[in-house]
Amino acid sequence: MERVVFPENFLWGGAVAANQCEGAYNEDGKGLSIQDIMPKGIKGAPTEEPTAENMKLVAVDFYHRYKEDIAMFAEMGFKVFRFSIAWSRIFPKGDEEKPNEKGLQFYDNVLDECLKYGIEPLVTISHYETPLHLARKYDGWRSRKLIDFYLTFCKVIFDRYKNKVKYWLTFNEINSVLHQPLISGGILTPKEKLTQQDLYQAVHHELVASAGAVKLAHEMMPESKVGCMILAMPTYPLTPNPEDVLAALKAEQKNYFFADVQARGKYPKYLDRYLADENVKIEMEPEDVEILKNTVDFISFSYYVSVCESAKKMEEGEGNLIGGIPNPYLKASEWGWQIDPIGLRIVLNQFYDRYQKPLFIVENGLGAVDKLVKDESGEWTVEDEYRIDYMKQHLFQVGKAIEDGVDVMGYTSWGCIDLVSASTAELKKRYGFIYVDRDDSGKGSLNRYRKKSFYWYRDVIRTNGNVLNIE
């Protein structure tokens with residue numbers, strides 16, 4: 001029996017995003033976000049206005065049920081809860097001078113509820129929910145003007161919550177903007193009409209905004225810790241052919257670039273060659289070089305899949321948000337995402353070796369179709385052994401990475417309560433430890449039920465990972 005040991009101060013918890021769980025899309029002064037016109041997630045075209053088919057308009061109604069949900073997180077023993085602040089709840093259009101007080105008060109209430117149970121908040125400032133007005137008027141992050149709007153948003157929430165929030169993340173999965181410009185960058189121009197110049201200019205604006213947020217946070221909240229958030233996807237060569245190894249290296253550099261800038265404070269040299277080959281010349285203001293030197297305190301990331309890369313043109317996996325060739329040695333989830341627990345240990349080692357900064361796994365989990373059944377005592381539950389096995393295998397590898405010497409701050413399981421999928425906008429693709437009674441047609445009581453994994457994760461946290469032994 002192999003054992004793993006976690007640090008005493010390890011932050012166990014779960015994660016959600018406002019647009020996927022809150023609902024109440026037009027209540028208490030909230031403006032529209034890009035998510036309100038994306039009823040099919042990344043798979044379909046946006047609509048002109050919100051439509052009833054969009055599950056995110058109600059989602060799982062966390063807006064009205066946050067007390068019940070946070071109480072259940074506390075019952076599991078959460079040390080940390082990651083959630084995002086909906087930008088359009090604070091600034092309905094995104095470019096106003098004065099914030100919406102009712103929006104600010106809602107997050108005060110959520111934070112107070114977390115702190116009541118001793119749960120540390122981990123707040124994502126921008127999580128795939130750019131205000132729709134900024135997308136329509138400025139084409140999202142293609143415009144440099146969004147930097148100032150974003151930093152105004154940061155100033156307001158830093159000032160309001162400075163005594164309640166220690167841990168902040170600037171942008172969710174910032175590297176996904178190259179592949180999903182609407183959901184990630186609020187860019188309404190169709191992807192096929194965007195050039196590499198357009199995309200990398202938008203990336204630059206986000207990177208400057210992220211560094212500006214770090215600077216602001218350190219000035220306004222000296223005790224705060226600010227992290228970047230990367231979509232981590234370790235890339236293996238499909239074969240030992242050196243051409244495949246080189247192709248894998250180049251693919252990984254496109255991801256590393258985002259963390260390199262935010263952790264090291266400048267653009268890496270290897271990017272110069274790529275941008276030159278693509279005829280991209282990033283337009284910078286004189287102050288940008290200095291602003292980028294405001295580096296993050298830690299690096300957080302999501303991890304769901306690894307992929308392969310080849311020098312030959314091959315079909316990419318359908319489930320992968322940012323491309324990649326399927327690995328013939330791995331099984332896949334119901335949505336085509338390949339399952340690779342060891343890949344998590346690999347990426348932890350790679351990131352720590354590269355940056356020597358603390359790491360935080362802020363998304364990891366299994367999306368699956370769950371069936372609500374009655375257990376032996378007559379209580380409704382979900383027998384999700386498949387999720388328990390997935391998480392056990394991944395958390396075991398986190399323990400092995402800690403043995404390797406990696407400084408891992410914590411782990412927040414994605415979708416600790418069922419929510420609407422970002423990629424497909426479905427409710428049937430469930431991640432949570434808590435089942436929410438709502439289906440893809442919008443029917444259901446919204447009642448909450450503890451899955452079998454709820455009790456398993458409670459034991460993981462209670463024992464600080466001591467139950468993760470593997471034969």
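A: Helices (H or I, at least four residues) and strands (E, at least two) are DSSP runs, numbered from the N terminus. The model is predicted: local features need pLDDT of at least 70, side-chain atom pairs need 80 or more, and totals for chains, interfaces and linings use all residues. Residues count from 1 along each chain as its sequence is written, and side-chain values use heavy atoms, without hydrogens or water.

Proline 7 sits in the segment before β1 (11-15). Its relative accessibility is 28%, so proline 7 counts as partly exposed (buried is under 20% relative accessible area, exposed over 50%, partly exposed in between; 1.4 Å probe, protein chains only). Leaving out residues up to four places away in sequence, proline 7 touches Ile402 and Asn464 (contact means heavy atoms within 4.5 Å). Glycine 399 is 392 residues from proline 7 in sequence, yet their C-alpha atoms are 9.5 Å apart in space.

Now the helix itself. Helix α10 covers residues 269-277, and Leu271, Tyr274 and Leu275 are buried in it. These three lie on the same side of α10, because they cover an arc of only 95 degrees around the axis (taken from the directions from the helix axis to the C-beta atoms). That buried side packs against α8 (196-220) and α9 (242-264). The face turned away from it carries the exposed residues Lys269, Arg273, Ala276 and Asp277. Just after α10, asparagine 279 has a positive phi of about 60 degrees.

On a 1 Å grid over the protein atoms alone, a pocket is an open set of points with protein on both sides within 12 Å along at least five of seven lines; in a cavity a 1.4 Å probe fits but cannot get out; lining residues have an atom within 4 Å of a point. The largest pocket holds about 940 Å³. It is lined by 35 residues, and Lys250, Ala251, Lys254, Tyr274 and Glu309 come closest to its centre. Tyr274 is also one of the buried residues of α10. At least two lining residues come from each of α8, α9, α10 and β8 (307-309). The biggest share is from α9, with nine. By class, 16 of the lining residues are nonpolar, eight polar and eleven charged.

The second largest pocket holds about 310 Å³. Among its 18 lining residues, Gly44, Pro46, Leu182, Pro190 and Lys191 are closest to the centre. This lining has ten nonpolar, five polar and three charged residues.

Last, the rings. The structure holds 35 aromatic pairs (Phe, Tyr or Trp rings, the six-membered one for Trp, with centres within 6.5 Å; planes under 30 degrees apart are stacked, over 60 edge-to-face, the rest tilted). Phenylalanine 301 counts as buried because its relative accessibility is 0%. Phenylalanine 351, at 5% relative accessible area, is buried as well.

Key
Grid points are joined across faces, edges and corners, and a volume is the space filled by probe spheres set on the points. Ala, Val, Leu, Ile, Met, Phe, Trp, Tyr, Cys and Pro count as nonpolar, Asp, Glu, Lys and Arg as charged, and the others, Gly among them, as polar.
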